[in-house]
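Have the model open while you read.

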Amino acid sequence: MCEILDEKKKKKDEKAKQEKGGTNASQKKKSHKRDDASEENPEDFVDPETPLGERKRLSSQMAKQYSPAAVEKSWYAWWEKSDLFKADAKSSKPPFAIVLPPPNVTGVLHIGHALTVAIEDTLIRWKRMSGYNALWVPGLDHAGIATQTVVEKKLALKKLTRQDLTREEFLNEVWKWKDENACTILTQLRRLGASLDWSRECFTMDEQTSKAVTETFVRLFEEGLIYRDIRLVHWDCHLKTAVSDDEVEYMDIKEKTLLNVPGYEKPVEFGLLTSFAYPLEGGLGEEVVVATTRVETMLGDTAIAIHPDDARYKHLHGKFAVRPFNGRRLPIICDGTLVDPDFGTGCVKITPAHDPNDCELGKRHNLEFINIFTDDGKINTNGGPDFTGMPRFAAREALVEALKKQGLYRGAENKEMRLGLCQRTSDVIEPVIKPQWYLNCSMMAKEALNVAESKKLEFIPKQYTAEWTRWLENIRDWCISRQLVWGHRIPAWYASLEEDERREVGAYNDHWIVARNEEEARKEAAEKFGGKNKFELRQDEDVLDTWFSSGIFPLSVLGWPDETDDFKAFYPTSLIETGHDILFFWVARMVMMGIKLSGGEVPFNKVYLHPMIRDAHGRKMSKSRGNVIDPIEVIEGATLDALHKRLEKGNLDKKELEMAKKGQENDFPDGISECGVDALRFALVSYTAQSEKINLDILRVVGYRQWCNKLWNAVRFALIRLGDGYAPTMVLSPETMPFSCQWILSELNKTISKTVESLDAFDLSEAANTVYAWWQYQFCDVFIEAIKPYFANAPLAASERAHAQDALWVSLETGLRLLHPFMPFVTEELWQRLPSPKDCERKASIMICDYPSPIENWTNEKVEKEMETVLATVKCLRALRAALLEKQKNERLPAFALCENNVTSEIVKSHELEIRTLANLSSLEVLLKGEHAAPAGSAVETVNENLKVYLKVDRAMNAEAEQEKIRNKIAELEKQKNKLQKMMSASGYQDKVPAHIKEDNATKLAKILQEFDFFDKESARLLAETGNQRMEEHNKRENTTSLYCPK
């Protein structure tokens, strides 16, 4: 007994000694690595400083981790200085031209601008690499209302108003502000990697654009499309200007509601219908009761309307009511169009100067139009001395009290209503009668409809075609004048004649002269008023709507109205890309005006409309919520404290600031991680599949930043494997290469085709995901792992290693070119680090290389099919390992492949190296069904109907768990069998079902029964092994006991 114990102890000691020795060896190996690391010079991994505009100077060694800040440094300045973004109007290449939707000069770029840049730069880089003369024109919009508002606020800090300055002095202040602030936006565009042709940069108030705007106005006026009229307009009392129909948003109010209105300290009531009485003339005590949601407008009432057939008021036909407070006589008129006798009292107060319906009625009945508001929304002298100077909503409250005092108030009740609000200021829109300039859009709208119907103009996504039709079929004339100082001053002069009785500007509509300049206007006026007394010319003080100059942007940026080289080469442009929210503000006007001014040519043939960006919860981004995302904060990263400080610099009130900070704490508790430009752009492009709204989750951007690190490390691995002396070859013969090399080239070919197809269809999300999938799941996860044996210390044949190097280099170089339009910075840096091909002059930059196109002899469907089997086998083996081994999951284990037939057996045998490598196996033995038994101590998994794999884990296998897995598979097979048998035994099956379907079903049933048989045998094997294992354990215990307890 003692000898046996001694022997066991001896073996145990030897094993411990070996383990100890192994540990020491491992420690020595790690120590050696540390020694190597200590010999590294940290400066070798840091890029040297690059003088501005020179090609980036790269470190001698690739950094071990990807750093967006380091990678994105210096490249853009070199691209720009090298004129790599510049298009050539004299080029023979086919043109591809787009204009950047000009951002407002007022502020900084937001995440929506970043989306625009990501999409448009992807397209322009792709087209440039695809052999096009690619032009992307940058520009800034003067943003009339927004810019003037900002400058007026700046003046207010000096206790000044616009009225304290002359027009010229105020404009000088605006130009000064523009020159100081515009560079911020242009710097941000460069930071985002936008490959814009800066030599053609424009501003919507520059000399060329101003010339084009004046020419447009004059031509359209001469054609009778622009005219001046006195009409009801949407008036913003806060901005003191008219706004267009499209700049008004409507809020549905169900009942009494308090709303904050600019210029009012306390909220204003809306959603109330107030009733009051008008006494009849004659003092007999009779009255008519009317109701309104805008009590203040009673000061401008000029009539009361009733229905001609309303018997209750027959006796009032031709009578008058008296307006309290000033005694104005109000005729009681009959109108069957506007008045509904069954609604309310059947009496309607009429305010022609402040209500669209009343305005039309006033024209029908020749009523007086009395404007009661000043431009800033206060009651003017027409409202009477008791209310003059009151803000309109303060006057509302005062009038209710006055009516109560006179006994004329009849109560108020909740009333559903639609309230018009200015998009820009949220001020309540006031309908006001004003003289304005209008553009007749009806004929131009028909032409814009025709080009869409004839497919000369296509929309991406197509769903917007219906919206285009709906809007243009219901278009109204466009009010194009604005009561501002900053903007394109209307090229119209008013001629005041000596004989005129009324001296105010605009009193006589036929005295307006439209001309390109004052000299031309004076000459035309002399001809028009020849023989009459002297005249005096004064230019209209108003400016044009900002969208008017934006509407001719594709024309003006290319030099129109002159026949410039750019105009001849690039007009019409190829595409307009913008958010779907300005389809009608901008796109429709560009199409209408472009067709009209260019002799019938559509300014672009495709309209790409991107989604609106919301936060991760689907909420609209708002400063008061704190969920507005600055793209620079995503690129460079920002702490929560830095995010808070940005809010504090804004104009939020205390309550809004607290709410916004709380929103940031919920969404970004740890701030925003540094993601870099490439990750942000890739994330935004991949989101474009969501056609209406993008719910932007910053964690997704972080994920792509991590993926950039994987890309970085893949290239580091490749450069090590390629070695210093490697010189790439440009021509490959895939048929002579190892299997994994043939496969990666074939998959790359397929990826190229699918990517180009998606880009051609403007499906950028699909294109990005296709490129990502190849890099992630095929190149990194499979190919790099599969070729490692060719670079081991004891490599396979040298020719195979050389082939692996060639396939590796070609895959990297092609894959980087494929990815470049989406991720310009990291691809440029990695591409520049690749060794140059021999006997071939390399392009200076990846961005001017050819975009990949499929190579016919790379495609190999047989290899792809076989690799599907390989990868499915590997997946099953990895799943078995993960399920069975709690510890030592990376331990190399033996495996077996049980094949149903010789064809499958040959495939597995021929790719044994790839399966062993990818599944991390110590060995792989191929078994043929019927000739080999299932290996003992192994767990099984089905790869497909012809292949099953076993992983030998011996004691690590949980027999009960394996039995449960088999029982579940048998149960699933039972369901399939019952369903198929039920179908095959149904009445009429034999007579009615086609022969080929019956044959398929019979084959399916046979395979199911075959699987039944297999798993029955597996279950029996496991039971037998479990029994044997228990017997062995029992015997072992018996033997151990006998050593200590001899009989």
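Just past the end of helix 4, G131 takes a positive phi of about 90°. Keep in mind that this is a predicted model. Helix 4 itself covers residues 111–129, 19 residues in all. From first C-alpha to last it reaches 27 Å, close to the 27 Å expected at 1.5 Å a residue. How many of its residues are buried? The count is 18 of the 19, so helix 4 is largely enclosed by the rest of the structure.

Now for the greasy parts. Nonpolar side chains in soluble globular proteins tend to be buried together. Here the largest nonpolar core has 157 residues, and the members touching the most others are L696, W775, F779 and F822. Another core lies apart from it, with 66 residues, including A445, L544, F567 and V591. Back to L696: leaving aside neighbours within four places in sequence, its contacts are I111, I613, R614, D615, A616, I629, L684, Y687 and V701.

On to the charges: the structure holds 66 salt bridges. Three of them look like this:

| Salt bridge | N to O distance |
|---|---|
| R516 and E215 | 2.7 Å |
| E223 and K596 | 3.3 Å |
| K349 and D301 | 2.9 Å |

Take R516 and E215, which meet at 2.7 Å, N to O. R516 sits in the loop between strand 23 (512–514) and helix 12 (518–528), while E215 is in helix 7 (residues 207–222), 301 residues apart. R516 is partly exposed, with a relative accessible area of 33%, whereas E215 is buried at 12%.

Next come E223 and K596, at 3.3 Å. E223 is in the loop between helix 7 and strand 5 (226–236) and K596 is in helix 16 (residues 583–597), so this pair ties together parts 373 residues apart in sequence. E223 counts as partly exposed at 48% relative accessibility, and K596 is partly exposed too, at 26%.

For K349 and D301, the side chains meet at 2.9 Å. K349 belongs to strand 15 (residues 348–350) and D301 to the loop between strand 11 (287–292) and strand 12 (303–306), 48 residues apart. Are these two buried or exposed? K349 counts as buried at 6% relative accessibility, and D301 as buried at 0%. Elsewhere, salt bridges with shared partners join D47, K56, E829 and R833 into one network.

Methods: Residues numbered from 1 in each chain as written. Predicted model: local features only at pLDDT ≥ 70, side-chain atom pairs only at ≥ 80, totals over all residues. Heavy atoms only, no water. Helix = DSSP H or I, 4+ residues; strand = E, 2+ residues; numbered from the N terminus. Expected span 1.5 Å × (residues − 1). Buried < 20%, exposed > 50% of the residue type's maximum accessible area, 1.4 Å probe, protein only. Core = buried A, V, L, I, M, F, W, Y, C linked by side-chain atoms within 4.5 Å. Contact = heavy atoms within 4.5 Å. Salt bridge = Lys/Arg side-chain N within 4 Å of Asp/Glu carboxyl O.
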